[in-house]
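Hello,

Here is the structure I promised to pass on to you. Please have a look, and my notes follow below.

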Amino acid sequence: MADLYTCRCGNQTWQIFDTVVRCTACNQEFLTQHTAVTEFNHRVTQELDEELEEV
């Protein structure tokens, strides 16, 4: 997931909509299936934790 939601500008603050996730800094958008915000946050946190474990 980290590779799916890493913005080209490096910003990791997102606006989350039903079908898109948008970077708040540069407005890059990623199409998504509808996911509850809590589930999305959980997935991102889990992926980031896995990335940090590899470092």
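By what are Arg43 and Glu39 separated in helix α1? By about one helical turn, because Arg43 and Glu39 are four residues apart in that helix, which covers residues 37-54. (Helices are DSSP runs of H or I with at least four residues, strands are runs of E with at least two, and both are numbered from the N terminus.)

A word on the source before the rest: this is a predicted model, in which local features need pLDDT of at least 70 and side-chain atom pairs count only at pLDDT 80 or more, while totals for chains, interfaces and linings use all residues. Residues are numbered from 1 along each chain as its sequence is written, and side-chain values use heavy atoms, with hydrogens and water left out.

Salt bridges

Arg43 and Glu39 form a salt bridge, with 3.2 Å between the closest N and O atoms. (The term stands for a side-chain nitrogen of Lys or Arg within 4 Å of a carboxyl oxygen of Asp or Glu.) Arg43 is partly exposed at 35% relative accessibility, and Glu39 is partly exposed at 35% too. (Buried is under 20% relative accessible area, exposed is over 50%, and partly exposed is in between, using a 1.4 Å probe and protein chains only.)

The structure has two salt bridges. Glu29 pairs with Arg22 in a salt bridge whose closest N and O atoms are 2.7 Å apart. Glu29 is partly exposed, at 43%, and Arg22 is partly exposed as well, at 23%.

The aromatic pair

Searching the whole structure gives one aromatic pair. The ring centres of Trp14 and Phe30 are 5.5 Å apart and the planes stand at 70 degrees, so this pair is edge-to-face. (Rings of Phe, Tyr and Trp, the last by its six-membered ring, pair if their centres lie within 6.5 Å; planes under 30 degrees apart are stacked, over 60 edge-to-face, and the rest tilted.) Because Trp14 lies in strand β1 (residues 14-16) and Phe30 in strand β3 (residues 29-31), the pair ties together parts that are 16 residues apart in sequence. Trp14 is buried at 18% relative accessibility, and Phe30 is buried at 15%.

One more thing, back in the helix

Glu51 lies in helix α1 and is partly exposed, with a relative accessible area of 38%.

Happy to go through any of this with you.

Best wishes
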